[in-house]
Amino acid sequence: MTRLLRPSLLLPLLALAALAAAPFLGFGDRFALTLLSRAMILGMAAVSLSLLVGGAGLASLGHAAMMGIGAYVVAALDLAGITEGAIAFPAAILAAAAFAGITGLVALRTSGVYFIMITLAFGQMLFFTLSALSALGGDDGYTLYGRNTFLGADILTPRLSFHFICLGLLAASWGLCAMLSRSRFGRVLRAARETPLRVEALGFSPFPYRLLAYVIAGGIAGLAGALLANAMEFVSPAVASWPRSAELLFMVVLGGVAQLPGALVGALAFVLLEEGLAHVMSAWKLVFGPLLVLAVIFLPGGLTGGLPWRRRKQERRADA
Amino acid sequence: MPEPILVLDKLEKHFGGLAVTQQVSLDLRPGEIHALIGPNGAGKTTLIHLVSGTLRPDAGRVLLDGRDVTRLSLPQRARLGLARSFQITCVIPGFSALENVALALQAGDGSSFRFFRAAHHEARLNDAARATLDEVGLGARATIPAGALSHGERRQLELAVAIATQPRLLLLDEPLAGAGPEETERLIGLLQRLKARCPILLVEHDMQAVFALADRISVLNQGQLIVTGSAAQIQAHPEVQTAYLGEDEFA
């Protein structure tokens with residue numbers, strides 16, 4: 001029971017509970033639900049990125065590309081007249097996972113700064129490819145005919161229904177990543193992040209473990225991309241732009257790299273803060289940037305890392 | 001004579017024009033501690049790299065249980081039973097002592113591509129890990145993160161990790177470096193017990209420890225193997241005295 005009270009779990013659980021309650025606490029209007037679904041969708045992508053950054057030590061600056069693939073699969077199928085979600089969603093997941101698999105084969109041969117740069121490069125390649133897709137509007141993007149239906153049931157259109165589908169998938173993504181991180185597979189990943197030499201000396205090659213994590217995270221981001229396409233009923237290359245990748249990375253850091261669900265909290269905080277500030281003033285980016293800098297300085301463990309003075313106390317205890 | 005577990009056959013390694021390993025041949029037999037000594041720069045660390053697979057030799061072969069492993073990588077050799085420790089202790093600082101050993105056990109326990117069960121609840125791995133920690137005298141420190149253990153304790157942990165994989169041989173790179181006198185004594189006792197499990201190829205600077213532990217000693221100097229023999233033979237060998245030990249240490 002006390003485990004649930006740790007900030008690393010308490011905050012994310014509170015966030016999920018708040019999201020579940022929000023429509024009934026005066027945030028049920030179109031604007032609020034649109035904003036919250038955007039936060040939850042980005043939260044899914046951030047949680048999957050957190051599996052890579054926190055779990056495997058792989059700071060990808062190309063994660064938005066996986067979202068872009070997912071979104072564009074939905075758009076391409078829409079163009080072909082296929083609006084069945086039971087086809088579009090699995091296709092989006094598989095396509096993003098495949099893209100992650102192919103690019104991962106190359107990117108995971110590198111590490112550190114080189115890994116960041118190579119993932120950025122793959123992301124940019126995809127971005128410009130999408131920009132050149134004239135059938136799907138090129139730079140201008142493509143407006144969906146409508147949201148995906150599931151076996152004829154129009155469950156993505158009603159706002160409340162879409163809200164809870166996003167929430168359910170966000171919770172499921174967290175659950176999946178948490179399960180992976182705690183499993184034997186995740187243990188090897190975490191060990192290889194901290195001390196790759198030891199892991200190799202035990203007979204593990206980190207590469208296949210990292211590649212699989214990369215593919216799974218790509219699949220989850222693909223799912224998030226498919227949801228995003230449905231949420232906006234519109235796709236454009238901006239979905240896959242590198243600033244989006246940087247935002248996702250920032251959400252992970254803001255929430256706390258060491259805890260998987262930190263990304264969930266980080267994404268919510270990021271999106272809500274961005275929106276809140278944009279409402280109050282026009283030059284909101286002038287405030288947003290410094291706020292993020294302050295957050296990183298004063299909350300080095302992220303929002304779920306506990307308060308700095310409490311952490312210092314814990315460290316002293318661990319040293320003793 | 002029993003078949004040697006490890007055979008180095010005329011290993012050669014050059015870095016540019018510098019020959020750091022020249023025609024080095026030695027073997028490691030079951031039940032023995034074979035120490036490798038030599039002055040700084042003699043090529044001991046390079047030889048360790050050649051044995052463990054982090055460096056490829058330019059010529060010569062490495063045989064493990066009669067099998068040519070010269071072309072195999074570190075993880076591949078590890079899977080064939082070569083366990084090693086490092087000059088700078090190599091454990092996973094964020095993992096508890098228990099989880100460090102459990103990970104090593106996991107390496108020898110079927111596939112690690114398992115995704116559903118929480119690994120830290122696997123009683124079989126944890127029980128075996130606890131037993132291994134008891135064996136090296138770390139049983140009481142099982143839950144402490146490896147990063148918070150003392151230097152000597154990390155050395156013990158690294159040995160626990162090495163033996164947990166049930167290796168065919170142990171390759172220990174200066175296991176006593178940086179350990180205090182008490183810790184050294186404890187580690188020597190531990191190594192003596194471990195050699196019954198599997199033979200040990202030991203690189204160590206502490207001469208007293210080497211002479212106390214080693215069944216055979218090989219001396220490297222400037223990339224060449226000068227002599228292999230018992231402690232007494234080595235101490236009496238004139239070339240060894242001039243090349244390495246010096247007059248003072250035996251005065």
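**Exercise 1.** Find the bridge partner of Asp9(B) in E4(B).

*Solution.* Start with the numbering: residues count from 1 along each chain as its sequence is written, and chains are lettered from A in the order in which they are written. This is a predicted model, where local features need pLDDT of at least 70. Now take strand E1 (residues 6-15) of chain B and strand E4 (residues 59-64) of chain B. Strands are DSSP runs of at least two residues, marked E and numbered from the N terminus. Five bridges join E1 to E4, and the two run antiparallel. Strands pair if DSSP finds at least two bridges between them. In E4(B), the partner of Asp9(B) is Arg61(B).

**Exercise 2.** Describe how E4(B) continues into E5(B).

*Solution.* Two bridges join E4(B) to strand E5 (residues 67-68) of chain B, again antiparallel. Leu64(B) has Arg67(B) as its bridge partner in E5(B). The two strands form a hairpin with two residues between them. In the turn, Asp65(B) has a positive phi of about 55°.

**Exercise 3.** Work out how H10(A) and H11(A) pack.

*Solution.* Helices are DSSP runs of H or I with at least four residues. Helix H10 covers residues 242-255 of chain A, and helix H11 covers residues 262-280. They pack at about 115°, with axes 7 Å apart. Axes are lines fitted to C-alpha atoms over the stretch in contact, and angles run from 0 to 180 degrees between N-to-C directions. H10(A) is therefore roughly perpendicular to H11(A) (65 to 115 degrees).

Key. Predicted model: local features only at pLDDT ≥ 70, side-chain atom pairs only at ≥ 80, totals over all residues. Parallel < 35°, antiparallel > 145°, perpendicular 65-115°, else oblique.
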